[in-house]
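Let's take a walk through this protein model together. Keep the 3D view open as you read.

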Amino acid sequence: MSGGVEWALHCCVVLTSVDEPVPATRLAELHDVSASYLAKQLQALSRAGLVRSVQGKAGGYVLTREPASITVLDVVEAVDGPAPAFACTEIRQRGPLASPAESCTAPCAIARAMNGADEAWRAALRAVSIADLVRSVGSDYGPGAMAGIGRWLTATEA
């Protein structure tokens, strides 16, 4: 999983703390990350329909849906794509003891195990929403944490 997933998830969480668009540069400043790299993650979220860009002087990014309807898996797939984590290359059909293709019509034990793990991982990520993460921020840092983030994001830059 790329580092961009973490950045995108943080952005989705903090965007719940405001009612107005937040510029990408402000989000990057909040997280002390590269504005240009973060912009790529925001573009990926936008292409997936999870955020939208608002143009103009008061422009920036906003969530397109309620936080409870955006899952962690939605963000992961927006940034890294929907491809499975494991790609079987049929290594059992190579080398001096290679199995013939006709003997390899079903996935091998390794592919089955890896595919099962991928399915479980996706199910776990599908079960957690952005709203769940926001609640966890409140539990981890106190009930005023999200309000403080919202105030910082909307404060006039000096």
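The axes of helix 1 (residues 3-15) and helix 3 (residues 35-47) come within 9 Å and cross at roughly 70°. Helices here are DSSP runs of H or I with at least four residues, strands are E runs of at least two, and both are numbered from the N terminus. Axes are lines fitted to C-alpha atoms, for helices over the stretch in contact, with angles from 0 to 180 degrees between N-to-C directions. Helix 1 and helix 3 are therefore roughly perpendicular (that label covers 65 to 115 degrees).

Helix 1 brings Gly4, Trp7, Ala8, Cys11 and Cys12 to the contact, and helix 3 brings Tyr37, Leu38, Gln41, Leu42 and Leu45 (contact means heavy atoms within 4.5 Å).

## About the model

This is a predicted model, where local features need pLDDT of at least 70 and side-chain atom pairs count only at pLDDT 80 or more, while totals for chains, interfaces and linings use all residues. Residues are numbered from 1 along each chain as its sequence is written, and side-chain values use heavy atoms, leaving out hydrogens and water.

## Leucine 42 and its neighbors

Who does leucine 42 touch? Skipping residues up to four places away in sequence, its partners are Cys11, Ala24, Leu27, Val51 and Tyr61.

Strand 1 (residues 51-54) and strand 2 run antiparallel, joined by four bridges (strands pair if DSSP finds at least two bridges between them). Valine 51 sits opposite leucine 63 of strand 2. Five residues lie between the strands of this hairpin, where glycine 56 has a positive phi near 110°.

Note on methods:
Angles under 35 degrees count as roughly parallel, over 145 as roughly antiparallel, 65 to 115 as roughly perpendicular and the rest as oblique.
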